[in-house]
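Subject: Structure handover

Hello,

Here is the structure for you to take over. Please open it first; my notes follow below it.

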Amino acid sequence: MNLVVIFDALLIFSMLTLGWMSIFSLSLFRCIVFFVCLGLLAAIAWGQLGAFDVAIAEAAIGAGITGALLLAAWNRIRPHRTKAIEPNLTNAKTSQKDTKEHV
Amino acid sequence: MTSALFYSMAGLALFAIGFFGVVVASHVMRKILALNVMGVGIFMFLIALAKRNPLVVDPLPHALVLTGIVIAVAGTALALNLMVRIHHIDQSSQEQSK
Amino acid sequence: MFNKLDIEYDGPPVDKSALSLIASVLVAGLLLAVTITIVLSDKGHNTGLATVITQNIELSGVTNPVTAVLLNFRAYDTLLEIAVLLVVVLAILPTRDHHTPFFKRIEVNKQNLVLSALQCWIAPAVVIFAGYLLWAGAHQPGGAFQAGALLAGASVLLFQSDTYQINYTSPIARVLLVLSLGVFITIGTALIWFEGSLLTYPLAFSGLLILLIETCATVSITLALASLYSSFIANENLSITDNKHRTIE
Amino acid sequence: MNDLSSSLLLPAIVFLPLLAAIIAYLIGQNRLQGPINICFSLAQFLLIGLTTLLFLHEKTDQSERYIIGGWGAPLGIDLIVDGFSILMLALTGLLTLLITLYSASYFSGKYSASDKSLRFWPLWWLLISGLSALFMSADAFNIYVCLEIIGLSAAALVALQGNRAALQAALRYLLVGLLGSLFYLFAIAILYRSHGTLDLMQIAETTNHSFPDKVAMILITIGLLLKIALFPLHFWLPPAHANAPTPVSAILSALVVKASLYILIKFWFDVLGETTTLGASQVLGALGGAGIIYGSWCAFRATQLKLLIAYSTVAQLGYIFLLFPLSEYSMGVSSFTGSASQAAVYFIVAHACAKAAMFLAAGNLILAQGDGEIAQLKGIAVREPLNVLVFAIAGISLIGLPPSAGFIAKWLLLTTAIESGQWWWVIVVITGGLLGAMYLFKVLSLAFSTDPAVIESRAVKSTAPVSSVSSVPVSNVMTTVALILALITLALGFNAEFILNISNTVSEVNDI
Amino acid sequence: MNMSTLLPAFIVICPILVGLAVMATPEHRVLQRRSLNIGGALITLALIAMLLSGVVNGLDFETRLPLLPNIDFVLHGDALSLLFVSLSGLLWLFTTIYAIGYFKNSANRSRFFAFFSLCVGATIGLALAGNLVTFLIFYELLTLVTYPLIAHKGNVASIKAARTYLIYTMIGGVLLLTGVVWLKVLAGPLDFTSAGLLAELPGLDNSHLQIIFFLLIAGLGVKAALFPLHAWLPISMAAPAPVSALLHAVAVVKAGAFGIVRVVYDIYGIEFASDLGLTVLLAVIAGFTIIYGSVKALSQDDLKRRLAYSTVSQVSYIALGTAIAGPIATIGGLVHLVHQGLMKITLFFCAGNLAETLGVHKISQMNGAGKRMPLTMAAFTIAAFGMIGVPPIAGFVSKWYLGVGALEAQAYWVLGVLAISSLLNASYFLPIIHAIWFKEQDQPWPKEVAKLRLETHWMLLLPPLITAFFALAVGLFASSAYSPLTWSALIASREYQAIFPDISDIALKYSTGHLWVLILPTLLLFAMVFKTLRAKVIRLIPLAPLPALLGAILVVNEDKVEQSFLLLTAAIWFIAALYAQTYMTNDNKKHRFYLFFIITMIGNLGVVLAQEISSFIAFFALMSFSAYPLILHSESDEAKSAATTYIRWVIFSEIVLFLGLVGKTYYAEFSTNELPVVWVATLLIIGFGVKAGLATLHVWLPKAHPVAPIPASALLSAVMVKVGLLGWIRFLPLGDASINVLAQPMMVLGFTATFLAAIYGALQDNAKTVLAYSTVSQLGIIVASIGFALANPDSWALLLPAIVLFAMHHGFAKASLFFCVGLSSALKPGHKLTPFLWLLVLVPALSLIGLPLSSGALAKAALKDATSSWPLFSTLLVMSAIGTTLLMGRFIELMREQAILNASSAKPNWRLILPTVLSALMCLSYFYTPPFEFKQFQTIVSTLSWSAVWPAFIGFLIIFVTKKLRAKLPVPPAGDLLIVYQALASLSTKTWQIIANLNASIALYIDMMLGHLHLWSLSVSRRLSKQLTLDRPGTIMVVMLATLLYAFLT
């Protein structure tokens, strides 16, 4: 039980947790943030495994660019203050439409 | 039991979590995230695979993962783009109906 | 799974109708666990291709094995991968605009000091570092993708300020976007002429050619990633044109 | 130039579309797109034609390898062509040429907005290059990349219409594709782990009964089934195929689903043939059978023309999956030989031509009628006789009536089923044919109907100032292309040996 | 690649190319399309002719292309395929011409003609197919290209029809496909080989083959409209007429039938098939379908629907012929392929003409159509008679061979099927024929096209005429070298090879001696067709029988029977014609009368001259049917009823005769048994007995005579009934063997009729009815004599001259008496000619009674002499004179009453008197020189015997004594037993109706149940599809993953 093993274990545990949370967190924003964290931790883990090329790429692309894209998209679909008045109504409408589309 | 083995198991677990998320999550974005988590899981598995012999690092999986990461980001971007566009159409139709 | 694609912001994280499926997904998890044990129970191939790559690395023209694999041994994959990126760029980029120049600086009266400082000092540094990454990719970790990602990150920073605007649909941008693919194909095909086989670098020039390809790839990747990001920022334009589509249809 | 393995031909088949994509992207003008792209498609067609001829001419070795970068199999990536892949390539070349011709009219600005055309062409060529690369690939990971090119570009093409339904369908399609690819990638990782190589043939050489290989096979199967849209996983296909622009629908149904199928067949019979079990093949067959019935039934109930055709694709894919239970299974290995493989190959070819023709004809009809509702097609046979004819011929092939390619395919299938004593598949196939006739003739009988009341009401409708439907005269090129495809379908009903000769070489590949 | 390998392909490709070219022809280029169509049809015909001549010369034509491994696409010209190909090619040409006329101004012609040509192409391909797979390909192609044709009109009905058609044929196609694939797997390449290919293959499981056979037959049976699979055919009547014509005659229906032939003969091989027990079942189904279709046709008012059900019935003849499994039946089935095509296409052409020209679709609207469209309707009539099986039209030939074949295969029930079917055919076709010719138009035509120069467009008119002509010609010249029949025989001989019998003796050769005597009547008949000539021709009609008369006197002397009958017939026709010249002068329907007069004459003379069975029965039918309008002439209610009765009995007799003659032919040629077959003789006796007034079958006589015009009545009684006798003489084994079983009933019936008819007749109050009963009575004597001859073959040599003598005597006497009825107005006392005229009445009457010196006395003496071996017979013969006297007395009584009643100042017409005198003269033995050499009666003196006189006294005594009594008695209705028959008939009709009602209510119930079922299935499917939306792909994927895991890991 040396330090590396503990470090690895911690890393793996937190990655799994982040993996779960980046999907099932209550708010989408948090999901994205957790996902970026997951990417960064993955980069560390891969550095740990000797894959430095991949680690750099993951940090830059997997966490960085993907995170930026996600956030930008999130920003686009997030309800803005002016439009957040009748969330229920819009909800109902879209879901109606959804069911139509599914056929 | 090497650490690579743990990592590869972690990769598989991430894959499973991601798949679970894909099946269960409701929002598109969550599904996209879940797919990405699956991807990370596979990448992890591959990289752990490269290190399964503690003495030699196999660079081939690294190359594969590099390629995979780019493809994943491309797919994510496209999916997000489509999602945003659908959202936009919904919104504008709502405005019109008002 | 993908049948209902919910895009409302305030939805629950889990599809209510899918909750009943958790049990079955647990079954799937179980199965996956079985998979894991099965996979891990097998010893597998010991070293993969590590030895072969080490043996051939001399012939590849670079010393970083990952770069060797990416741009020499499996250059074909990389070529197609760039094509994948191009697909997405093509799919996402807004309708073209021939009039706005490729690069434009907008004078803004009110300037954010921190941001402008970042732009002034950090951006060039990032560019230099990216150049280093690219150069170093030949013998140590680094390479086109990483460099491209870095540069794209830098451009993301630039856009936060609205000071600079890049028109990704201008002719120059288009040429730059397809530059890597074009160069890759040209070199690959030309090599058939000289060496008799696709993407067979002559030993003497392989380092140079790889560097050339990588440089071009960096440019294209940067532009591609940045344009992807910008498409979300400048989405208003896109949506307007989309509206036009709708009226046409 | 007479040796495929050293010639320029094979890489050119991939690179030419890529080049075309670049050029199509760089050309800003809409006017030039048509001619240039037609030239490219012609060149591509000739290339593939030449390749096919060379391949048939050589005949010495059953499969040809092309080594990229001079490295050879485990290290580098090889291209490989055998009979089956040559056939798929030829199909790709043919359909590329014809659908490009069609698209040149379809996107000429008369029928669609100009920016759509500008977006279409590069994506189109990328899709074609992806398909061509896929059919030649001998490398498992390379196949993954090709699958991604295909998946992403196809989704982007589906989204081209830009309306909500199309976007939603495209999104769903994209996500499905990504998920399927991830499963495949996972399987590749497992395979690499146990074989230390990515080359398909080398994997095949070292395959044994081991568990990891089995797991990989399961993952590949499930991932590709998702992409192929075999019956219970077909949910994404009908909306995607129905909402895409007509040429895209055509290529999606004709080739894109077949690409995944091609890979599945390759893995199932060649690469990981050792791992398959009788039970698994029966499961696939059962799903195929269910797909035949269910797809036909849904097609019968569909109210939109293109949706009907899309559901018919679901049904037709089911037929091909009967290959799995019907193929020879000896000593724990099922092989892609004998009449089952012939049937499947023929089915793929027949369905590709017929379905492409059908989609194109349907697109023309929809253009002419201004509406995709089947009920609106009443009396269309009078105004668009040729397109209705094409639709009918394609439909005949889909039902499996002579003289058409579909008949030969069905004949082979039935023969195999009876020969192998699995008569229950006969019932499935026959029922599927009848259901097919039901949905096809539902459309045709409407097309022939000249109910005066309906025609009058339509006349009133069209003279009314606020008309929701706008009809455009269909250009001759579009009709002609559809007709050519239909005629090819017919012609294939008479010279089956030709196709089968090409694909026969498949059988030798798995002797390794 | 030379001609022999390319020709079949060319023949198939030609129509297909034409179809494609037409499809590409713009709608408005009428000329181009027409020339393409007709040119294509002509070229195809020429190619077919080349093929035909090649095959006749023994060349082998085969196009063979590889289709699949081990499967070739084969087009092969063999005899069977050529039969069908020639038919298709020929009828295509006609139908094309017809369709051009039919679609003169309608839309979508290019489409129509394109698919039309394709349809023919498919049919030809199907015919030329050299193996089962090729056959299947064209079979399915045919299904497809027919669909647009049926749907052509585009209205709701035709779309529905097309859909129904498709559902049926698709299911059929699928069954066929399954069968073919299965068989292919078992037996390799399924090349058609005569004598079948399966029998030689070893190691086949018979039960598999049986199942395959059912699959194949079910698949083919859909198109061939075998019973449970026929429902699409009547519905597809919604198609335009040319399509229906093609569908029913050549393309679809025949394709099925042809396929059945192919499967049974060239795949299974007939022996193997019957060994497997398959043919019997097929035959039963076919037989049932024949009857079922006919019964359904009866109740249809829509003309095309009736024709459609008729097709259902008729096409099964082919299957039946195939399944009976004997070489001769095979010939019948095969030839029906052609014959039915020709006839049915004619019928549909005519139906189309009616619809197109007059807008008539329903049979109830067709009254009087014959006047408006005589040519069309003539064609219709010929075809309809052919369908019924009236000789010598095509349909008869098929039935004939089927019948003989059935006997050969000992499938006696088939004869029953044939009989019932013919009966039913007659009952649904004859009313139509009656309506078009003999009913007055009672309502305006629904949608009449403006009158053209011809009755309709020439392109509509020509095809039915030609096909009707063909239908007639192939029947008439059936035994010629190039007839379909000969060809079918060739095919059959190849199929059966070794066991094929020599069939030359049963061939239908219409050989008639001294045909020249018919030339003049025939010429006159044709002249009658032209309106302008009619009036002149009528004057010449008395000349028509003169050649025959001269011939009888001068030329015809080889056969005394023939000579005598010819003499009698010709003489009476001559006299009747003379009589009619005056009698009919003021009749407004005299043209019709003369037309049928002359036809009947031809028939009658022909019967006498006929040399063998087929021409005898042909002329017999001609005479019988054409006498119908003569009886109907006045069109009073009595006449209608009498004519109906008459025609019913005619049909009955024709059918019975058909069976009898079939039996006779068969046993004459193939039976080793020397003894005559009783049932054949019975049938012959009954069949001719109807005509010869055999008691219990005589009922039409007393009905028909009073209503017909006098010349017609005279002819009926004097000559036409004698044809029955002639038939007996010709076809019963008289003088060869004794059939006691039949002899006694005949004698009993004969004498019963003699006496009872006399009594019954004596109570009648119509002179002509009395004469009719007299005829029945006199014929009773003849019947009894025949009976005697049956019992005592040795006496035949004596009896034959006596019977002939008796018949001739009766003919002349009865004719005179009828002619006298026409003179009744001149018989009133007071006129100076009256005594002379009364003499004209008395001479034949007394001659009939047999007073000495009369011809009657001579005849009776001869009979007595011939039957002397059995005294009772002679006694009864003598006694019969009492009855005759009764009748004659009654007759004279009535004439007197009538003379007083009808007293008019009109002078007796010399032109009426002269013929009467002529015929009365013949009643005196002096003027009467029978062609026989009667050695025993060289002197008339021998007639002077007491026995000739006393019965007359008794008779007259009774007349006088019972005059009061008789006046009190009610007049019994003419037609005696007919009342009973009618009661029986109405009873059976009622029963039938009850059954039909029951049937209908059951059908309604089933419909209702099906409706419920449909609704239920709809709701279930809706519910299912709601639940089956499969909107949980995630779950599905997980489950699939689990399944695959399980499947792979276990």
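What percentage of the 103 residues of chain A count as buried? The share is 44%. Please keep in mind throughout that this is a predicted model.

Chain A

The secondary structure of chain A consists of four helices and zero strands, so you will find the pattern α-α-α-α when you read along the sequence. Take the contacts in chain A between residues at least 6 apart in sequence: 42% of them join residues at least 24 apart.

For chain B the mean pLDDT is 86, and 98% of the residues of chain B reach 70 or more. Among the elements of this chain, α2(B) has the highest mean pLDDT, 91, and α1(B) the lowest, 84.

Chain B also touches chain D: 24 residues of chain B are in contact with 22 residues of chain D. On the chain B side, at least two residues each come from α1 (3-24), α2 (28-50) and α3 (59-97) of chain B. The largest share is that of α3(B), with 13 residues. Sorted by class, the side of chain B that touches chain D has 18 nonpolar, four polar and two charged residues.

Chain C and its contact with chain D

Chain C meets chain D as well, and this contact takes 51 residues from chain C and 58 residues from chain D. The elements of chain C that give two or more residues to its side are α2 (22-41), α3 (50-60), α4 (65-73), α5 (75-92), α8 (171-195) and α10 (235-248). Of these, α5(C) gives the most, 12 residues. The side of chain C that touches chain D divides into 26 nonpolar, 16 polar and nine charged residues.

Two strands in chain D

In chain D, strand β1 (residues 64-67) and strand β2 (residues 78-81) pair in the antiparallel sense over four bridges. Within that pairing, D:Tyr66 stands opposite D:Leu79, and D:Arg65 has D:Ile80 as its bridge partner.

The nonpolar core

The largest nonpolar core has 806 residues. Which of them touch the most other members? They are D:Val158, D:Tyr346 and E:Ile631. Leaving out residues up to four places away in sequence, D:Val158 touches D:Ala166, D:Ala169, D:Ala170, D:Tyr173, D:Ala240, D:Asn243, D:Ala244 and D:Val248.

Chain E

Chain E is divided into domain 1 (323-502), domain 2 (515-975) and domain 3 (980-1049). Taken over C-alpha atoms, the centres of domain 2 and domain 3 of chain E are 65 Å apart.

One caution on reading the model: where pLDDT is low, the predicted coordinates should not be read in detail.

Regards

How values were computed:
Residues are numbered from 1 along each chain as its sequence is written. Chains are lettered from A and ligands numbered from 1 in the order in which they are written. This is a predicted model: local features need pLDDT of at least 70, side-chain atom pairs count only at pLDDT 80 or more; totals for chains, interfaces and linings use all residues. Domain bounds come from an automatic or database domain assignment. Two residues are in contact if their C-beta atoms, placed from the backbone, lie within 7 Å. Ala, Val, Leu, Ile, Met, Phe, Trp, Tyr, Cys and Pro count as nonpolar, Asp, Glu, Lys and Arg as charged, and the others, Gly among them, as polar. A residue is buried if 20 or more other C-beta atoms lie within 10 Å of its own, exposed if 12 or fewer, and partly exposed in between; C-beta atoms are placed from the backbone. A nonpolar core is a set of buried Ala, Val, Leu, Ile, Met, Phe, Trp, Tyr and Cys residues joined through C-beta atoms within 7 Å. Two strands pair if DSSP finds at least two bridges between them. pLDDT is the predictor's confidence in each residue, from 0 to 100.
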